[in-house]
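Here is a briefing on one protein model. Start with the sequence and the structure, then read the points by topic.

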Amino acid sequence: MKIAVVGASGRMGQMLVRQIARTEGVTLAAASEIPGSKVLGKDAGEVAGLEPNGVLIGDDSAAAIAAAQCVIDFTVPEATVAHAKVASENGVAMVIGTTGLD
């Protein structure tokens with residue numbers, strides 16, 4: 001399964017990137033962060049404390065979601081709602097770890 005992580009440089013995002021690297025049968029398809037983040041263009045594996053994995057962190061969450069079969073979201077409520085819409089439009093499964101949703 002191809003998985004995208006939005007909020008990839010946060011504490012939970014980094015943990016997800018590490019866990020995906022350890023889990024057989026899944027691959028990190030894409031990783032994203034907010035525009036202006038200091039990690040944009042960096043390798044997601046390196047940001048998570050691993051060897052480079054070839055997945056560069058971008059700021060286009062819609063493209064990241066579209067590249068995956070499942071997206072895991074640990075962002076903020078407003079972003080999660082937008083990501084859910086994109087996932088739905090693209091037929092991508094979504095796991096939400098964001099807190100503070102109404």
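Glu89 is exposed, at 54% relative accessibility. Exposed means over 50% relative accessible area, buried under 20%, and partly exposed in between (1.4 Å probe, protein chains only). This is a predicted model: local features need pLDDT of at least 70, side-chain atom pairs count only at pLDDT 80 or more, and totals for chains, interfaces and linings use all residues. Residues are numbered from 1 along each chain as its sequence is written, and side-chain values use heavy atoms, with hydrogens and water left out.

**Salt bridge**

- The structure holds 1 salt bridge. The term means a side-chain nitrogen of Lys or Arg within 4 Å of a carboxyl oxygen of Asp or Glu.
- The side chains of Glu89 and Lys85 form it, at 2.8 Å from N to O.
- Lys85 is exposed too, with 54% relative accessibility.
- Glu89 and Lys85 are separated by about one helical turn, because they sit 4 residues apart in helix H4. Helices (H or I, at least four residues) and strands (E, at least two) are DSSP runs, numbered from the N terminus.
- Side chains of opposite charge can pair when their charged atoms come close.

**The sheet**

- In what order do the 5 strands of the open sheet run? The order is E3-E2-E1-E4-E5, and the pairing is parallel. Two strands pair if DSSP finds at least two bridges between them.
- Strand E3 (57–58) and strand E5 (93–96) stand at the edges. Each has a single partner strand, so one side of each lacks a neighbour in the sheet.
- Strands E1 and E2 run parallel and are joined by 5 bridges. Ile3 stands opposite Leu28 in E2.
- E1 is largely enclosed by the rest of the structure, because 4 of its 5 residues are buried.
- Strand E4 (residues 70–73) and E5 also run parallel, with 4 bridges between them. Ile72 has Val95 in E5 as its bridge partner.
- Strands of a sheet pair through backbone hydrogen bonds, either parallel or antiparallel.

**Helices on the sheet**

- Helix H1 (residues 11–22) lies across strand E1 (2–6), E2 and E4. H1 runs at about 165° to E1.
- H4 packs on the sheet and touches E1, E4 and E5. The direction of H4 makes about 165° with that of E5.
- Axes are lines fitted to C-alpha atoms, for helices over the stretch in contact, and angles run from 0 to 180 degrees between N-to-C directions.

**Buried residues**

- Ala30 lies in strand E2 (residues 27–32). Ala30 counts as buried because its relative accessible area is 10%.
- Beyond four places in sequence, Ala30 is in contact with Ile3, Ala4, Val5, Val55, Ala64 and Ala67. Contact means heavy atoms within 4.5 Å.
- Ala30 and Thr99 are 69 residues apart along the chain, and 22 Å separates their C-alpha atoms.
- Cys70 sits in strand E4. Cys70 is buried, at 8% relative accessibility.
- Not counting residues up to four places away in sequence, Cys70 touches Met1, Lys2, Ile3, Ala4, Val92, Ala93 and Val95.
- The C-alpha atoms of Cys70 and Val6 are separated by 11 Å, with the two residues 64 apart along the chain.
- Is His83 buried or exposed? His83 is buried, with 8% relative accessibility.
- His83 belongs to helix H4. Leaving aside neighbours within four places in sequence, its contacts are Val6, Ser61, Ile65, Asp73, Thr75 and Met94.

**Loop and surface**

- Leu50 is in the loop between helix H2 (44–47) and E3. Leu50 is partly exposed, at 30% relative accessibility.
- Which residues does Leu50 touch, not counting those up to four places away in sequence? They are Val17, Arg18, Ala21 and Gly45.
- The C-alpha atoms of Leu50 and Arg18 are separated by 7.1 Å, although these residues are 32 apart along the chain.
- Val81, Ile96 and Leu101 make a nonpolar surface patch of about 260 Å². Patches are made of residues with over 30% relative accessible area and no salt bridge: like charges are joined within 9 Å, nonpolar side chains (Val, Leu, Ile, Met, Phe, Trp, Tyr) within 5 Å.
- Accessible areas come from the Shrake-Rupley method with a 1.4 Å probe; for residues, only the protein chains shown count as cover.
- Val81 lies in helix H4 (residues 77–90). Val81 is exposed, with a relative accessible area of 55%.
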